[in-house]
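Hi,

Here is the structure I promised to pass on. Please open it first, then read my notes below.

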Amino acid sequence: MLSTYEMLKSSLAQYKAPDNKIRKMCDQNEIVKLTKNLYETDPNIPGYLVANAIYSPSYLSFDYALAYYGLIPERVYVYTSATFRKNKKKKYTNKIGTFTYRDVPAACYPYGIEIQTEDQYTYLIASAEKALCDKLYSLPPVKNKKELHNLMFQDLRIDFDRFNALNFDDLSLLCDLYRCTNLKLLKKVIGDMHEHSSRTND
């Protein structure tokens with residue numbers, strides 16, 4: 001379980017030098033030091049269960065979430081998360097893994113986040129739609145819809161069938177919150193697909 005330094009030290013009060021005991025437990029991989037004041041008592045825990053706690057507020061997104069939903073083919077070994085109003089990227093590496101954090105606009109931050117529970121842990125992860133928006137927001141702007149198409153399906157290798165299975169209504173609403181070129185173009189792409197679908201059904 002997650003434990004602050006104070007909680008851990010209190011649980012080791014029977015030792016004459018609790019700090020030394022904590023260091024020894026870390027060295028022997030009995031516990032893992034996540035940050036300066038945060039520890040995990042299960043060294044084998046999957047990193048996604050503690051990513052939100054290492055740096056908050058945050059939720060898993062970008063490449064990690066895209067891989068989680070099968071939108072990209074690669075396995076992702078870094079736990080990528082979104083934050084807001086931090087004004088700088090953060091990276092933490094410990095025995096559990098590597099964790100990165102970067103801002104998304106404050107206006108879109110609260111939307112499209114799902115709460116997952118596993119064992120006694122609760123963590124936050126972007127919906128598939130939100131993860132795609134976060135990823136496109138993080139990339140340099142493209143010039144037009146064709147370039148966006150190439151970016152998504154050639155560069156990022158987004159799975160086209162899984163993309164088509166996304167909730168386009170949710171995706172369109174999310175696009176409006178970012179106020180960036182890539183997401184404005186994505187909304188136009190979605191509109192074109194709706195129009196094409198309507199003509200096909202008629």
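N29 sits in the loop between helix 2 (18–27) and strand 2 (32–35). Helices (H or I, at least four residues) and strands (E, at least two) are DSSP runs, numbered from the N terminus. The phi of N29 is near 60°, a positive value in a residue other than glycine. At 36% relative accessibility, N29 counts as partly exposed. The scale runs as follows: buried is under 20% relative accessible area, exposed is over 50%, and partly exposed is in between (1.4 Å probe, protein chains only).

Before going on, note that this is a predicted model: local features need pLDDT of at least 70, side-chain atom pairs count only at pLDDT 80 or more, and totals for chains, interfaces and linings use all residues. Residues are numbered from 1 along each chain as its sequence is written, and side-chain values use heavy atoms, with hydrogens and water left out.

**Backbone**

Most residues other than glycine have a negative phi, and most peptide bonds are trans. F62 also has a positive phi, near 50°. Its place is in helix 4 (residues 62–68). F62 counts as buried, at 4% relative accessibility. Then there is a cis peptide bond, between S56 and P57, with omega about -5°. P57 is in the loop between helix 3 (51–54) and strand 4 (59–60).

Three strands form an open antiparallel sheet, in the order 1-3-2. Two strands pair if DSSP finds at least two bridges between them. Strand 1 (2–4) and strand 2 are the edges; each has a single partner strand, so one side of each is left without a neighbour in the sheet. The twist averages 35° from one strand to the next. Strand 2 and strand 3 (residues 38–40) run antiparallel and are joined by three bridges. T35 has L38 in strand 3 as its bridge partner.

**Aromatic rings**

Rings of Phe, Tyr and Trp (its six-membered ring) pair if their centres lie within 6.5 Å; planes under 30 degrees apart count as stacked, over 60 as edge-to-face and the rest as tilted. The count is 13 aromatic pairs. One of them is Y79 with F99, which is stacked: 5.0 Å centre to centre, 25° between the planes. Y79 lies in strand 5 (residues 78–83) and F99 in strand 7 (residues 98–103), so the pair ties together parts 20 residues apart in sequence. Y79 counts as buried at 15% relative accessibility, and F99 counts as buried at 0%. Y92 and Y101 are edge-to-face, because their ring centres are 6.0 Å apart and their planes are at 80°. Both Y92 and Y101 are buried. F153, F160, F163 and F168 form one aromatic cluster.

K86 lies over the face of Y55, 4.9 Å from the ring centre. The rule here: NZ of Lys or CZ of Arg within 6 Å of the ring centre and within 35 degrees of the ring normal.

**Helix packing**

The axes of helix 5 (residues 128–138) and helix 8 (residues 168–178) come within 9 Å and cross at roughly 35°. Axes are lines fitted to C-alpha atoms, for helices over the stretch in contact; angles run from 0 to 180 degrees between N-to-C directions. The crossing is right-handed, meaning that the near helix is turned clockwise from the far one by less than a right angle. Contact (heavy atoms within 4.5 Å) involves residues including L132, C133 and Y137 of helix 5 and L171, L174 and Y178 of helix 8.

Best wishes
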